[in-house]
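Dear colleague,

Please find the structure below, handed over for your use. My notes on the strands, the aromatic rings, the core and the charged pairs follow.

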Amino acid sequence: EWSGIESIDLPTKIRFIKNNTFRKCRNLKKVVINQNCIGLGDNAFFGCSNLDEIELSENTESIGKECFRSCSALKRIRLPFLLGSIGCGAFEDCSSLEAVILPESIKEIPDSTFAACVSLSEIKLSENTKMIGKYTFRRCSSLKKITIPSKTDIIGDYAFAQYDDMQVRFISSLSKAGKMIFPDTKADNPE
C-alpha cells in the first residue's frame, strides 16, 4: 500500500516503472526518477492529485499511456532530450500544467496527450513533430497561440477543439487534416 507516501527517490536498480505502480497515490507530492530508469508504464502516476514536482531521468525514453493523467497539482515538467514516445493521454487533465517544451526527439503527439490541461498557456512543439493526434489539445483554454512546425503533415480530429480565441500559425503544408481540428477558434480549417 503506497497511499500514505509523500515523496519517492527511486533507487538506481529500477530501470522501468511498471503500469499502475503509483496509481492514485493522492498524498504523493515529489518524485525523483533515477538516471538508470528508461521508461514509465501506463498509468504509473495516474490520479496522483498532489504530485507537483517530478524530476525525470535524462535517460527516460518512453512515457506510457495516461502516465500522469489527472495529476492536477503538476505545474511544470521538463521532458528529457532522449524521450522518443509519449502515450495517449499521458498528461490529460493535468489542470495546473502551465508549460511544456517537447524535445526534438518527439515525432508524434498521440491522441489526448494534453487534453483538458486548462492552465496550459505555453507549448513548444518539436520541429520534428510529424503528427498531432485526435483531441490532443482539446479544452486547453489558456493556450492562446501555437505554431505548427513545418514537418507536421497530419492533425487528427478535434485536435484543438473548444477554444474561444486562439492564434494558429502554420509553417507546414498538411497532407491530412482531421475533422473539425479548429471548430471553436478563429483559425481557418486547412481542409
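Two strands are taken to pair if DSSP finds at least two bridges between them. Helices (H or I, at least four residues) and strands (E, at least two) are DSSP runs, numbered from the N terminus. By that rule strand 6 and strand 7, which run parallel, are joined by 2 bridges. In this pairing Ser85 of strand 7 has Ser62 opposite.

Two remarks on method apply throughout. This is a predicted model, in which residues are numbered from 1 along each chain as its sequence is written. Local features need pLDDT of at least 70 and side-chain atom pairs count only at pLDDT 80 or more, whereas totals for chains, interfaces and linings use all residues; side-chain values use heavy atoms, with hydrogens and water left out.

An open sheet is formed by 4 strands in the order 2-4-6-7, with parallel pairing. Strand 2 (16-17) and strand 7 are at its edges and have a single partner strand each, so one side of each is left without a neighbour in the sheet.

The aromatic rings

Rings of Phe, Tyr and Trp (its six-membered ring) pair if their centres lie within 6.5 Å; planes under 30 degrees apart count as stacked, over 60 as edge-to-face and the rest as tilted. The count comes to 7 aromatic pairs. One of them joins Phe45 and Phe68, stacked at 5.4 Å centre to centre with 0 degrees between the planes. This pair links distant parts of the chain, 23 residues apart: Phe45 is in the loop between strand 4 (39-40) and strand 5 (53-55), and Phe68 is in the loop between strand 6 (62-63) and strand 7 (85-86). Phe68 is buried, at 0% relative accessibility (buried means under 20% relative accessible area, exposed over 50%, partly exposed in between, with a 1.4 Å probe and protein chains only). Phe68 and Phe91 are also stacked, because their ring centres are 5.4 Å apart and their planes are at 10 degrees. Phe91 lies in the loop between strand 7 and strand 8 (99-101), 23 residues from Phe68. Ring pairs link Phe22, Phe45, Phe68, Phe91, Phe114, Phe137 and Phe160 into a cluster.

The core

A nonpolar core is a set of buried Ala, Val, Leu, Ile, Met, Phe, Trp, Tyr and Cys residues joined through side-chain atoms within 4.5 Å. The largest has 49 residues, and those touching the most other members include Phe45, Phe68, Phe91 and Ile63. Contact means heavy atoms within 4.5 Å; leaving aside neighbours within four places in sequence, Ile63 is in contact with residues including Leu40, Phe68, Leu79, Ile86 and Phe91.

The salt bridges

There are 5 salt bridges (a side-chain nitrogen of Lys or Arg within 4 Å of a carboxyl oxygen of Asp or Glu). Lys30 and Glu53 form one, with their closest N and O atoms 3.9 Å apart. Lys30 is in strand 3 (residues 30-32) and Glu53 in strand 5, 23 residues apart. Both are partly exposed: Lys30 has a relative accessible area of 31% and Glu53 one of 35%.

Glu66 and Arg69 meet in another, at 2.9 Å from N to O, and Glu92 is linked with these two in a network of salt bridges. Glu98 forms a salt bridge with Arg76, the closest N and O atoms being 4.0 Å apart. Arg76 is exposed, with a relative accessible area of 52%, whereas Glu98 is partly exposed at 29%.

With kind regards
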